[in-house]
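Here is a short briefing on aromatic ring pairs and a disulfide. Keep the structure in view as you read.

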Amino acid sequence: MTTTRGGHPSEDHAAELLSQPRSGDHDGGTAAGEDAAGGAARAHEPRRSPRVSAMMVAGMAALGLGIAVGVLPVPYVIESPGPVYNTLGQGQGTPVIKVTGHESYPAAGNLDLTTVYVDGGPNGPVSILSAFSAWLDKSKSVYPVELIYPTGTTKEEAAEQSAVAMTTSQENAVASALNELKIPFGQQLQAAGLSDGSASAGKIQQDDVLKTINGKDITSLAVIQDELAATKGAPATVVLERDGRPVTETITPKDNGEGRYILGVMLKYLFTFPFDVHISLDKVGGPSAGLMFSLGIIDTVTPGDLTGGKHIAGTGTITPDGTVGAIGGIVQKMQGARAGGATMFLAPAENCPEVVGHIPDGLQVVKVAKLAEARSAVERAGSGGDTSGLPTCDNN
């Protein structure tokens, strides 16, 4: 998701009070006569009544108060359509996706990732006028800050989290693309930290690599989840790699309150890929480009054009096994995609409730839950096939 800031200039309008011209001076006369003439002239000047003066003062005060209130910051975040980027194209003269160590093929058409501008929160406050204007704009959405950012999040923390999410989405995109293409690669799970009250406290440390659970190789998170579910909370034997040495621990998982047993470990993937995929995209953060990166990689390392020259856009997080996840700002991303020329949009199935009723004219939205479904939809459109039967958010 991209972030931009913008000021909202205001203008001060001055009112000019015009008075009637005075009567002409009389010729000749003494000083006293001149005083008298002046007094006569003043006697004929229009006089402002106290009531009118009071109304003017009150009006100016109300105007000043309105301006002051209008620029007061409010605890909201405004999302608006951001730019789109073709994953098959170039950014600042450099290919968005560049592959080395494997055959790559030039691709036509567009596989656009979509973005959202975010104003407010840790990036700087928005005013009442800005929030009210956004409420009236169908292309924008307004949310309480706490729905988007945890309380106390700083601008630096938000930027770091966004950058980390982008890096993770790129790694997951490579993994999911290779899985889809049946290209083998190495994959391990590493401990990134422990949750509060973790069952693994004192047994698993940060940066430990999880190797096996009850004798089964840990190749994905699903292996751990399936084993803990099968043993129904019984103690599990976990073999770790710590500083290059094997460590064996027995850990009794805890019920997470929803009937699912967990070790209480935050995990991240460590990948060993057979070739390098470099993704170059400045000033874009967050995890929502994962799906479109995956499709772009597939198109880059396979012969022919996946899109057949069509203009397709989309959004969605991606996991190494190809699961497409929900994202924020779906309404703004559909608007941005259509404005950028897309005629088909790939939307995560989990976002369907937000999609219905907000689809721009001329845009076909296809519901996807897996990378394979997204690839199939793009291939059908690219080959000129009938896309009317593709899943939509209206036929949940």
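**Rings and a sulfur link**

Ring pairs join Phe-185, Tyr-269, Phe-271 and Phe-273 into a cluster. Keep in mind that this is a predicted model. Its structure holds 5 aromatic pairs. It also has 1 disulfide.

**Aromatic rings**

- A pair of aromatic rings is described by two things: the distance of the centres and the angle of the planes.
- Take Tyr-269 and Phe-271, two members of the cluster.
- The ring centres of Tyr-269 and Phe-271 are 5.5 Å apart, and their planes meet at 10°.
- Planes under 30 degrees apart count as stacked, so the pair of Tyr-269 and Phe-271 is stacked.

- Phe-271 has a relative accessible area of 17%. Buried means under 20%, so Phe-271 is buried.
- Tyr-269 has 22% relative accessibility, so this residue counts as partly exposed.

**The disulfide**

- Which residues does the disulfide join? The link runs from Cys-352 to Cys-393, with an S to S distance of 2.1 Å.
- The angle about the S-S bond is -70°, and the link of Cys-352 and Cys-393 is left-handed.
- Cys-352 sits in helix α9, residues 352-355. Cys-393 sits in the segment after α10, which covers 371-382.

Conventions:
Residues are numbered from 1 along each chain as its sequence is written. This is a predicted model: local features need pLDDT of at least 70, side-chain atom pairs count only at pLDDT 80 or more; totals for chains, interfaces and linings use all residues. Side-chain values use heavy atoms; hydrogens and water are left out. Rings of Phe, Tyr and Trp (its six-membered ring) pair if their centres lie within 6.5 Å; planes under 30 degrees apart count as stacked, over 60 as edge-to-face and the rest as tilted. Buried means under 20% relative accessible area, exposed over 50%, partly exposed in between (1.4 Å probe, protein chains only). A disulfide is a pair of cysteine sulfur atoms within 2.5 Å. Helices (H or I, at least four residues) and strands (E, at least two) are DSSP runs, numbered from the N terminus.
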